[in-house]
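Trainee: Please take a close look at the side-chain contacts in this model, beginning with the aromatic rings. I would like the cut-offs stated along the way.

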Amino acid sequence: MDYQIARRNMVENQVRTNKVTDPLVIAAMEEVPRELFLPEGKRGIAYVDEDIPVGNGRYAMEPMVIARLMQSAEILRSDVALVIGAGYGYTGAVLSRVAETVVAVESDKEMASISEKTFQAHSYDNVIVVEGDLAKGYAKQSPYNVIVFDGAVAEVPANILGQLSEGGRLLVVVRAPGKVGVARLYERENGVVGHRDLFDANIPYLPGFEPVESFVF
């Protein structure tokens, strides 16, 4: 497979056709080889327009959703970004081409190790991989200008919203039980966090962020 042609087709047919016009986001999607950030057996489908299962209940989020979330974040070159659920590193890699620094939190020890080695091997020097509980974020390096969840959540933990800087933006797909997921932008202004819905996106849940089952008597 010619990955470069496949990547160009992805940008032209999946990204640009879905209202992504930010030149920095488009350039980042054109630059980052998605196949490098997948298990070897999945590299042949690196550029399909769907979420790719990568093991242990985890998925590589589809490129169109990543691009639209990034565009909505209006990322600046000076921004510090946090990725919740680094996986094998693709979202962090794309963010790193736009933001100044990216902190990527991953709870799976093997995924964290592999993604860190990939970043080092391919000179993604402004990405830091941290192994830890996804639900806690990474307060040590907070506050962040941008926070992105690499997967859907039933709700956003308040402690992660608390890691947003003044003027900070958090992007996530929220999926209520039995409903279609919706991409949502949270923003902190004057110390208050508000949100607005952006577009439908029915991506899989990040493990640990699924709806809590309730019992009806």
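Mentor: The structure holds four aromatic pairs. Rings of Phe, Tyr and Trp (its six-membered ring) pair if their centres lie within 6.5 Å; planes under 30 degrees apart count as stacked, over 60 as edge-to-face and the rest as tilted. This is a predicted model, in which local features need pLDDT of at least 70 and side-chain atom pairs pLDDT 80 or more, while totals for chains, interfaces and linings use all residues. Residues are numbered from 1 along each chain as its sequence is written, and side-chain values use heavy atoms, leaving out hydrogens and water.

One of the pairs is Phe149 with Phe209: the ring centres are 5.6 Å apart and the planes at 85°, so the pair is edge-to-face. It links distant parts of the chain, with Phe149 in strand E6 (residues 144-153) and Phe209 in the segment after strand E9 (192-200), 60 residues apart. Helices (H or I, at least four residues) and strands (E, at least two) are DSSP runs, numbered from the N terminus. Phe149 is buried at 1% relative accessible area, and Phe209 is buried at 6%. Buried means under 20% relative accessible area, exposed over 50%, partly exposed in between (1.4 Å probe, protein chains only). Elsewhere, Phe37, Phe119 and Tyr124 form one aromatic cluster.

Rings also meet charges. Arg68 lies over the face of Phe199, 4.0 Å from the ring centre, and the charged end of Arg175 sits over the ring of Tyr205, 4.3 Å from its centre. The criterion is NZ of Lys or CZ of Arg within 6 Å of the ring centre and within 35 degrees of the ring normal.

As for charge pairs, there are seven salt bridges, each a side-chain nitrogen of Lys or Arg within 4 Å of a carboxyl oxygen of Asp or Glu. Glu106 and Arg58 meet in one of them, at 2.7 Å from N to O. Glu106 lies in strand E4 and Arg58 in strand E2 (residues 58-60), so the pair ties together parts that are 48 residues apart in sequence. Glu106 is buried at 0% relative accessibility, and Arg58 is buried at 7%.

Asp79 and Arg169 form another salt bridge, at 2.8 Å from N to O. Asp79 is in the loop between helix H3 (63-73) and strand E3 (80-84), and Arg169 is in strand E7 (residues 164-174), 90 residues apart. Both Asp79 and Arg169 are buried.

Salt bridges that share partners join Glu12, Arg16 and Glu30 into one network. Glu12 is partly exposed at 36% relative accessibility, as is Arg16 at 39%.
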